Amino acid sequence: MIGIEQITLKTGQEVIIMSHRDIIDTIRDTLGDPLADIVAAELAHATKSYEDELKGYEADIQEKEGIADSYAASLRDISDELEVIEGLLEAPRLNRDKVKTSSENIRKIIDETF
């Protein structure tokens with residue numbers, strides 16, 4: 001969007017521009033319909049291109065946020081499994097089957113994430 005601008009034309013006329021429509025109307029009034037139509041078409045095309053590009057960026061951001069959330073969840077799950085392993089290592093007797101199960105769980109988490 002355009003801010004409010006007050007400009008003086010070469011003719012001495014002062015106009016206030018608050019939108020693309022004001023620009024087109026000023027061109028139409030001072031330079032005629034053909035040029036105003038060309039500028040209007042170019043502005044419409046530029047606006048459409050900008051909106052399409054913006055939608056693409058927004059889709060990319062949502063995709064990357066989803067990936068980041070997935071990685072964060074995986075890291076939390078791995079952290080939980082590491083706590084289990086740390087607890088097993090502190091026990092007076094090492095239960096290799098439980099350590100193996102936690103290790104396999106970590107491997108599954110990594111495989112599912114990537």
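## Salt bridges, a hairpin and an aromatic pair

Arg28 counts as partly exposed, because its relative accessibility is 26%. Here buried means under 20% relative accessible area, exposed means over 50%, and partly exposed lies in between (1.4 Å probe, protein chains only). The model is predicted, so local features need pLDDT of at least 70 and side-chain atom pairs count only at pLDDT 80 or more, while totals for chains, interfaces and linings use all residues. Residues are numbered from 1 along each chain as its sequence is written, and side-chain values use heavy atoms, with hydrogens and water left out.

Stay with Arg28. The side chain of Arg28 meets that of Asp37 in a salt bridge, 3.1 Å from N to O. Arg28 also forms a salt bridge with Asp33, and there the closest N and O atoms are 3.1 Å apart. A salt bridge means a side-chain nitrogen of Lys or Arg within 4 Å of a carboxyl oxygen of Asp or Glu. Together, Arg28, Asp33 and Asp37 are linked in a network of salt bridges. Asp33 is partly exposed because its relative accessibility is 42%. Asp37 is also at 42%, so it counts as partly exposed. Side chains of opposite charge can pair when their charged atoms come close.

How many salt bridges does the structure hold? There are 4. One of them joins Asp25 and Arg21, whose closest N and O atoms are 3.4 Å apart. Asp25 and Arg21 are 4 residues apart in helix H1 (residues 20-31), so about one helical turn separates them. Helices (H or I, at least four residues) and strands (E, at least two) are DSSP runs, numbered from the N terminus. Asp25 has a relative accessible area of 31%, so it is partly exposed. Arg21 is at 46% and therefore counts as partly exposed too.

With 13% relative accessibility, Thr26 counts as buried. Apart from neighbours within four places in sequence, Thr26 is in contact with Leu9, Val15 and Ile17. Contact means heavy atoms within 4.5 Å. The C-alpha atoms of Thr26 and Ala36 are separated by 8.4 Å, and these residues are 10 apart along the chain.

Ile23 is found in helix H1 as well. The relative accessible area of Ile23 is 27%, so this residue is partly exposed. Not counting residues up to four places away in sequence, Ile23 touches Ile2 and Ile17. Thr11 is 12 residues from Ile23 along the chain, and their C-alpha atoms are separated by 16 Å.

Strand E1 (residues 5-8) pairs with E2 in the antiparallel sense, over 4 bridges. Two strands pair if DSSP finds at least two bridges between them. Which residue in E2 is the bridge partner of Glu5? The partner is Ile17. The hairpin of E1 and E2 has 5 residues between the strands. In this hairpin, Gly12 takes a positive phi near 95 degrees.

Now turn to helix H2 (residues 33-90), where Glu81 lies. Glu81 is buried yet has no salt bridge. Lys108 is the nearest side chain of opposite charge, 9.4 Å away. In this count Lys and Arg are positive and Asp and Glu negative; His and the chain ends are not counted. A polar contact of 3.4 Å does join the side chains of Glu81 and Asn105. A polar contact is a pair of N or O atoms within 3.5 Å; within protein, one must be able to donate a hydrogen and the other to accept it, and residues adjacent in sequence count only if both atoms are side-chain atoms. Beyond its neighbours within four places in sequence, Glu81 is in contact with Ser102, Asn105, Ile106 and Ile109.

The aromatic rings come last. Rings of Phe, Tyr and Trp (its six-membered ring) pair if their centres lie within 6.5 Å; planes under 30 degrees apart count as stacked, over 60 as edge-to-face and the rest as tilted. By this rule the count is 1 aromatic pair. Tyr71 and Phe114 form it, tilted, with 5.3 Å centre to centre and 35 degrees between the planes. This pair links distant parts of the chain, 43 residues apart: Tyr71 is in helix H2, and Phe114 is in the segment after helix H3 (96-113).
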